[in-house]
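Visitor: Please pick a single part of this model and go through it closely. I would like to know what surrounds that part and what it touches.

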Amino acid sequence: MKITVSTAPPDGPHEILDTIAAVGISTSSAFRGGPHLNEALDKCKEGLRRYAERLGADALVSCQFEAHFDNNVINLAGFGTAVRWT
C-alpha cells in the first residue's frame, strides 16, 4: 500500500504516531538543464513515505513544504503528521 501524502487534515478517526520531516533536492546538470521543483518534491515525499512506513502509518496528513532556490539547486523541506486510521 502506498502511503498517501496530503496537505489536508485527517478525514476520519485516527491515531497520531509522530511528526516527521524529510528533504528533497534537485540539482542542475549539463544534460537536463536546471534543477526541477517537481523532482525535489517527489524525492521529499518519498523520504516522508519511507519514514512513515517504518512507523506503521497509513497516511501523512497536514503536510507542509518549503522550497529554497539557488541557481544550481532546489532544496525542498517537508513535514507532516504520520497517522494510523482507527
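Guide: The sheet comes first: four strands form an open sheet in the order β1-β3-β4-β2, with mixed pairing. Two strands pair if DSSP finds at least two bridges between them. The edge strands, each pairing on one side only, are β1 and β2. Helices (H or I, at least four residues) and strands (E, at least two) are DSSP runs, numbered from the N terminus.

This is a predicted model, in which local features need pLDDT of at least 70 and side-chain atom pairs count only at pLDDT 80 or more, while totals for chains, interfaces and linings use all residues. Residues are numbered from 1 along each chain as its sequence is written, and side-chain values use heavy atoms, with hydrogens and water left out.

The chain has one helix and four strands. Read from the N terminus on, the elements run β-β-α-β-β. The C-alpha atoms fill a box of roughly 50 × 20 × 15 Å, taken along the principal axes.

The part to look at is helix α1, residues 37–55. The expected span of a helix is 1.5 Å times one less than its number of residues. For the 19 residues of α1 that gives 27 Å, and the end C-alpha atoms are 27 Å apart, so the two values agree. After α1 comes G56, whose phi is positive, near 85 degrees.

Next, the side of the helix that is covered. Buried means under 20% relative accessible area, exposed over 50%, and partly exposed in between (1.4 Å probe, protein chains only). In α1 the buried residues are A40, C44, G47, L48, R49 and A52. These buried residues pack against β1 (4–5), β2 (14–27), β3 (59–69) and β4 (73–85), where a contact means heavy atoms within 4.5 Å. For the chain as a whole, 28% of the 86 residues count as buried. Among contacts between residues at least 6 apart in sequence, 72% join residues at least 24 apart.

Side chains of opposite charge can pair when their charged atoms come close. A salt bridge is a side-chain nitrogen of Lys or Arg within 4 Å of a carboxyl oxygen of Asp or Glu. E39 and K43 make one, with their closest N and O atoms 3.3 Å apart. Both residues lie in α1, four residues apart, which is about one turn of the helix. E39 counts as partly exposed at 23% relative accessibility, and K43 is also partly exposed, at 41%.

S26 is in strand β2 and is buried, at 0% relative accessibility. Leaving out residues up to four places away in sequence, S26 touches R32, P35, H36, E39, A40, N72, V73 and I74. One of these, A40, is also among the buried residues of α1. Along the chain, S26 and I16 are ten residues apart, and their C-alpha atoms are separated by 31 Å.

That leads back to the sheet that α1 packs against. β2 and β4 pair in the antiparallel sense over 13 bridges. Within this pairing, the bridge partner of A22 is G78 in β4. A search of the whole structure finds two salt bridges, and one of them joins the side chains of R84 and E15 at 3.2 Å, N to O. R84 lies in β4 and E15 in β2, so this pair ties together parts that are 69 residues apart in sequence. R84 is partly exposed, with a relative accessible area of 30%, and E15 is partly exposed at 35%.
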